[in-house]
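Please keep the sequence and the model in view while reading.

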Amino acid sequence: MNNANWDDLRFVLAVAETGTVSAAAGRLGVTHATVIRRVAAFEERYGQRIFQRSAKGYRVLPDCHDVIDAARRVEESVLAVERTMFGAETRLSGAVRITSTDSLCQTLLPPIIARIAKAYPALKIALLSANTHLDFARFTADITVRPAAVLEDGLEGQRAGSLAFAVYHNGTVNENWLGLTGPIARSLPAKWLEKNVKSDRIVQTSDSFVVLAELAAAGIGMAYLPCLIGDRDARLTRSELPADSMSVDLWVASHAELADTVRFRVVRELLIEELVKDAVALSGAGVMEQK
């Protein structure tokens with residue numbers, strides 16, 4: 001397969017896995033028009049439609065699932081070659097500073113970092129827990145793992161999944177709510193609370209979802225939490241109230257000027273691979289059935 005064919009194929013794979021052109025564009029860091037053009041080029045080259053288009057998005061045609069499976073195998077092989085060429089232990093060394101929210105730093109990321117550190121012991125990884133967005137223009141961190149609608153200007157990266165939120169309480173539904181302040185006051189749950197909950201029903205606030213989980217477990221009020229926190233806490237129950245469930249894209253990115261640095265690029269790829277494996281925990285699916 002020549003370079004042009006593989007390059008088009010990765011666009012096809014991104015659309016198949018995300019279901020929409022917009023989501024695929026976000027994952028690949030390109031424009032909406034570029035995704036449409038590259039998918040059309042692939043289909044035209046082989047004289048076969050891969051997707052059924054509709055207002056809801058792109059669906060892989062029944063006869064083309066084998067094509068997508070083959071594309072995944074090609075992608076895995078290409079990434080394996082890159083890691084072999086650029087990620088040998090003798091060459092992959094140095095400091096890597098990863099910043100993320102306290103929610104992710106206290107749940108999914110530590111075991112992922114442990115696996116990366118075991119594979120590449122010459123790396124010196126620092127995990128920086130901060131709900132504030134560090135100033136990447138000042139190179140205060142090398143990689144960010146962060147939920148956001150879009151990447152900030154100056155960052156290059158890929159979407160690694162979706163972080164879901166739901167309402168939780170300690171088993172007793174009451175009229176009180178816990179509010180969000182500080183950096184998380186810009187989050188989707190905060191916007192929902194502002195529109196749907198009267199201010200006098202918000203009895204306490206915090207700038208941390210981890211702290212909000214503790215307050216909810218203490219019975220102070222109901223809280224919007226990331227499902228990866230709420231579903232793992234045996235003290236909490238996911239609410240049956242008709243509050244909106246919601247999710248936001250999870251990105252793994254670096255400053256554009258550092259994006260091609262070998263150790264940063266390899267670690268980003270490894271983080272994405274591992275986070276994709278944790279899609280169930282991130283999406284909030286499945287855990288409730290185990291309780």
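With which side chain does the side chain of R159 make a polar contact? The partner is the side chain of S162, at 2.6 Å. A polar contact is a pair of N or O atoms within 3.5 Å; within protein, one must be able to donate a hydrogen and the other to accept it, and residues adjacent in sequence count only if both atoms are side-chain atoms.

## Basis of the model

This is a predicted model, in which local features need pLDDT of at least 70 and side-chain atom pairs count only at pLDDT 80 or more, while totals for chains, interfaces and linings use all residues. Residues are numbered from 1 along each chain as its sequence is written, and side-chain values use heavy atoms, with hydrogens and water left out.

The mean pLDDT (the predictor's confidence in each residue, from 0 to 100) of the chain is 86, and 89% of the residues reach 70 or more. Residues 86-90 have pLDDT below 50, and this stretch has 11 contacts in the model beyond near neighbours in sequence. Residues 287-291 also have pLDDT below 50, with eight such contacts. Where pLDDT is low, the predicted coordinates should not be read in detail.

## Overall composition

The chain has 12 helices and 11 strands; helices (H or I, at least four residues) and strands (E, at least two) are DSSP runs, numbered from the N terminus. Of its 291 residues, 45% count as buried. Buried means under 20% relative accessible area, exposed over 50%, and partly exposed in between (1.4 Å probe, protein chains only).

Contact means heavy atoms within 4.5 Å. Among contacts between residues at least 6 apart in sequence, 73% join residues at least 24 apart.

## The cores and helix α10

A nonpolar core is a set of buried Ala, Val, Leu, Ile, Met, Phe, Trp, Tyr and Cys residues joined through side-chain atoms within 4.5 Å. The largest such core has 57 residues, of which V145, L212 and L271 touch the most other members. A second, separate core of 21 residues includes A24, L28, C64 and I68. Not counting residues up to four places away in sequence, L212 touches several residues, including L178, I184, Y224 and L225.

L271 is also among the buried residues of α10, together with F264, V267 and L275. Helix α10 covers residues 262-277 and reaches 23 Å from its first C-alpha to its last, close to the 22 Å expected at 1.5 Å a residue (1.5 Å times one less than the number of residues).

R159 lies in strand β6, residues 155-169. This arginine is buried, because its relative accessible area is 16%. Besides S162, the side chain of R159 joins that of D249 in a polar contact of 2.8 Å. Leaving aside neighbours within four places in sequence, R159 is in contact with T18, R27, D249, L250 and W251.

S283 belongs to helix α11, residues 279-283, and counts as partly exposed at 37% relative accessibility. The side chain of S283 reaches the backbone oxygen of V280 at 3.1 Å. Beyond neighbours within four places in sequence, S283 is in contact with S162 and A164. S283 and F165 are 118 residues apart in sequence and 8.1 Å apart in space, C-alpha to C-alpha.

## T99

T99 lies in strand β3, residues 94-100. At 0% relative accessibility, T99 counts as buried. The side chains of T99 and R146 are joined by a polar contact of 3.3 Å.
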